[in-house]
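Please look at the structure shown here before reading on.

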Amino acid sequence: MVLMIMSVEAGVRHDWTLDEIESIYRAPLPDLIFRAQTVHREHHRADEVQGCVLLSIKTGGCPEDCAYCPQSARYHTEVQRRELLSVDETLAAAGRARDQGATRFCMGAAWRDVPGGPQFERVLAMVRGVRELGMEACCTLGMLNDTQAEALAGAGLSAYNHNLDTSPEFYGEIISTRTYDDRLLTLARVRRAGITVCSGGIIGMGEDRPVRYRLLQQLSSLDPHPESVPVNLLVRVEGTPLADRPPEDPLELVRMIAAARILMPASFVRLSAGRLSLSQEAQALCFLAGANSVFLGDKLLTTPNPEMDTDRALFDKLGMRLRAHAV
Ligand code: SAM
Ligand code: DTB
Ligand code: SF4
């Protein structure tokens, strides 16, 4: 038994130094991709992609001030506020997602933290319903306390998404209404409750490479590693403080994904927001760099995502396919 655990854990480290991360991230691209592919193939099938579908179950009017987010009540964006969806509406969307080949259904709410009472009960019913459909259920609802994390675990929640987003030092430039430690505390509660952790970040917010090294260090120091690591390319939304950021070089996303793959070999690395601004070739490079999960369907939470048919054509062309089974 001990031997088995050691072999599964072989090569998995939680003590990557900034110097090591920098030399991985900055390596010549052919070397970086080769190393990422090598690690990838030791832990995953290279031709398989996990398909996840997102649904915004409560939209807009969020009291937080995340500078990238169209759902913050502080910014004037085109997002229409919508209160918590019904269980039926949510499960109908989950059923459609399953029919399209998704194995994970992710429910997002524009909350700072989870309200108690009937709204939370409704979310628990959604989680139970998604699990009954045979899919993995993921939620992203803001900060959680221990009781809420345990209740979500009891309802069968597979994963909780809560992104670190950026480095601790850069965090204050992007969000002032909560701290990095708040974020880490929720992640610890999720882990303690026995729910798998989904946590990643965003590039293209004006951070320099050392900020990304620090984010990668924070994520890879979590023990165990997050089972899912979403890497988002900023979607620049009119009305948010980051709307006028210059577009990020897609090769930086490729490097970020490759570094995440090398540092966290067993995790799903998700090529998340921002795919609409990438060419097919750039997306292919992201898969070569070790991305093995995407969001499917024409909408993320509030912003557009590639159409299902476009993605199917892309996977066909690359000789890749959607993973057939939930974990
Ligand atoms: N309110 C919850 C929270 O912040 O944890 C859950 C929903 S929030 C929209 C989930 C994640 O979406 C954020 O942590 C951020 O990483 C990502 N996100 C939001 N707006 C984005 C944007 N414009 N571009 C890229 N990623 C974005
Ligand atoms: C994650 O890292 N990215 C997703 C999911 N986790 C919740 C959200 C992306 C949101 C992009 C902006 C929007 O559609 O509102
Ligand atoms: Fe609210 Fe989440 Fe958007 Fe921040 S990212 S404003 S917490 S919905």
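The points below describe two ligands in a predicted model. Ligand 1 sits in the largest cavity, and ligand 2 also sits in the largest cavity.

**Ligand 1: surroundings**
- The shell around ligand 1 holds 16 residues, and the closest are Tyr68, Asn163, Asp165, Arg183 and Val235.
- By class, this shell has 9 nonpolar, 5 polar and 2 charged residues.

**Ligand 1: polar contacts and cover**
- A nitrogen atom of ligand 1 lies 3.0 Å from a backbone N or O atom of tyrosine 68.
- A polar backbone atom of alanine 109 is 3.3 Å from a nitrogen atom of the ligand.
- The side chain of arginine 183 has an N or O atom 2.8 Å from an oxygen atom of ligand 1.
- On its own, ligand 1 has 550 Å² of accessible area, and the protein covers 90% of this.

- The residues around ligand 2 include Leu54, Pro70, Thr140, Asn161, Phe295 and Leu300.
- Asn163 is also one of the residues around ligand 2, and it is among the closest to ligand 1.
- The shell around ligand 2 divides into 6 nonpolar and 6 polar residues, with no charged ones.

**Ligand 2: polar contacts and cover**
- An N or O atom in the side chain of asparagine 232 is 2.8 Å from an oxygen atom of ligand 2.
- A polar backbone atom of leucine 301 lies 3.0 Å from an oxygen atom of ligand 2.
- For threonine 303, a polar side-chain atom is 2.8 Å from an oxygen atom of the ligand.
- Ligand 2 exposes 410 Å² when taken alone, and the protein buries 87% of that.

Technical notes:
Residues are numbered from 1 along each chain as its sequence is written. Chains are lettered from A and ligands numbered from 1 in the order in which they are written. This is a predicted model: local features need pLDDT of at least 70, side-chain atom pairs count only at pLDDT 80 or more; totals for chains, interfaces and linings use all residues. Side-chain values use heavy atoms; hydrogens and water are left out. A residue is near a molecule or strand if one of its heavy atoms lies within 4 Å of it. A polar contact is a pair of N or O atoms within 3.5 Å; within protein, one must be able to donate a hydrogen and the other to accept it, and residues adjacent in sequence count only if both atoms are side-chain atoms. Accessible areas come from the Shrake-Rupley method with a 1.4 Å probe; for residues, only the protein chains shown count as cover. On a 1 Å grid over the protein atoms alone, a cavity is a set of points where a 1.4 Å probe fits but cannot get out, and a pocket is an open set with protein on both sides within 12 Å along at least five of seven lines; lining residues have an atom within 4 Å of a point. A molecule sits in a cavity or pocket if more than half of its atoms lie within 2 Å of its grid points. Ala, Val, Leu, Ile, Met, Phe, Trp, Tyr, Cys and Pro count as nonpolar, Asp, Glu, Lys and Arg as charged, and the others, Gly among them, as polar.
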